Amino acid sequence: MAPPNQLCLVLVIFLSIFSLSSLPTSAIILKANVSLPVPSSQLVENLCNGKAVENRRFCLKALSTPKIIAAMDTTQLGTLIMKLGAANAKATLNVYNEIIKKPGSPQALKALNCCVEAYKYAILSFEMVSSELVEDPQTANYDVAVIGPEIGNCEKELINAKVQAPRLLAGNRFMKYYVSMGYEITSTLELENPNEY
């Protein structure tokens, strides 16, 4: 067993690294109820290996909760993905709302307001898609896909206004990942049910 001094040193180093690291991903992912990694189901594996998924590693991590692993079919998995997307959008919207309260240039305020609207739209779209998955996967697919350009416009506005906010950029990146996962799952549903609509 290591002497107490070495254990204390290791603990101090670990806590220092942990507390000093500014990982915006953890704040946003945790708000989306992502827990410790659990072995993924074949359904999750297939989704995360899909062509539309932008970040396989993120997909596997985000979809590693026991509730998601237990999803019995594509529709159930799709509903859970939409809930995660909406939760992530809400968490990111909260960050935008915090930053808007701080003084800044008119250009920055305009960009931030553009992003607030984009995230409000994303939340509504993810929530709407959850109800469309069974009835009309094709419409659900479209409704998920159009979130991406809204987030893209938000990013352009931030860049043009020279807003330097790593948490916002991380939120936008994660939103794109959720959109790609949503697009993949709705595309899969379209293929599974080609004659139903």
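Colleague: Let's start with a side chain: is E127 buried, partly exposed or exposed?

Modeller: The idea is to look at relative accessible area: under 20% is buried, over 50% is exposed, and anything in between is partly exposed, using a 1.4 Å probe and protein chains only. E127 has 38% relative accessibility, so E127 counts as partly exposed. Bear in mind that this is a predicted model, where local features need pLDDT of at least 70 and side-chain atom pairs count only at pLDDT 80 or more, while totals for chains, interfaces and linings use all residues. Residues are numbered from 1 along each chain as its sequence is written, and side-chain values use heavy atoms, leaving out hydrogens and water.

Colleague: Which residue forms a salt bridge with E127?

Modeller: In general, side chains of opposite charge can pair when their charged atoms come close. The cut-off for a salt bridge is a side-chain nitrogen of Lys or Arg within 4 Å of a carboxyl oxygen of Asp or Glu. Here the partner is K90, and the closest N and O atoms of K90 and E127 are 3.1 Å apart. K90 sits in helix 6 (residues 74-100) and E127 in helix 7 (residues 106-135), so the pair ties together parts that are 37 residues apart in sequence. Helices here are DSSP runs of H or I with at least four residues, strands are runs of E with at least two, and both are numbered from the N terminus. K90 comes out at 39% relative accessibility, so K90 is partly exposed.

Colleague: How many salt bridges does the structure hold?

Modeller: There are 5. One of them joins K110 and E157, with the closest N and O atoms 3.8 Å apart. That pair links distant parts of the chain, since K110 is in helix 7 and E157 in helix 9 (residues 147-160), 47 residues apart. K110 counts as exposed because its relative accessibility is 55%, whereas E157, at 26%, is partly exposed.

Colleague: Now helix packing. At what angle do helix 8 and helix 9 pack?

Modeller: Two packed helices are described by the angle between their axes and the distance between the axes. Axes are lines fitted to C-alpha atoms, for helices over the stretch in contact, with angles running from 0 to 180 degrees between N-to-C directions. For helix 8 (residues 137-145) and helix 9, the angle is about 5° and the axes are 4 Å apart. The pair is therefore roughly parallel, on a scale where under 35 degrees is roughly parallel, over 145 roughly antiparallel, 65 to 115 roughly perpendicular and the rest oblique. D143, V144 and A145 of helix 8 make the contact with I147, G148 and P149 of helix 9, where contact means heavy atoms within 4.5 Å.

Colleague: Which residues does S125 touch?

Modeller: Leaving aside residues up to four places away in sequence, S125 touches D143 and I147. S125 belongs to helix 7 and is buried, because its relative accessibility is 3%.

Colleague: Where does S180 lie?

Modeller: In helix 10 (residues 166-192), and at 6% relative accessibility S180 counts as buried. Beyond four places in sequence, S180 touches A52, V53 and E54. A52 is in the loop between helix 3 (42-48) and helix 4 (56-62), and A52 is partly exposed at 23%.
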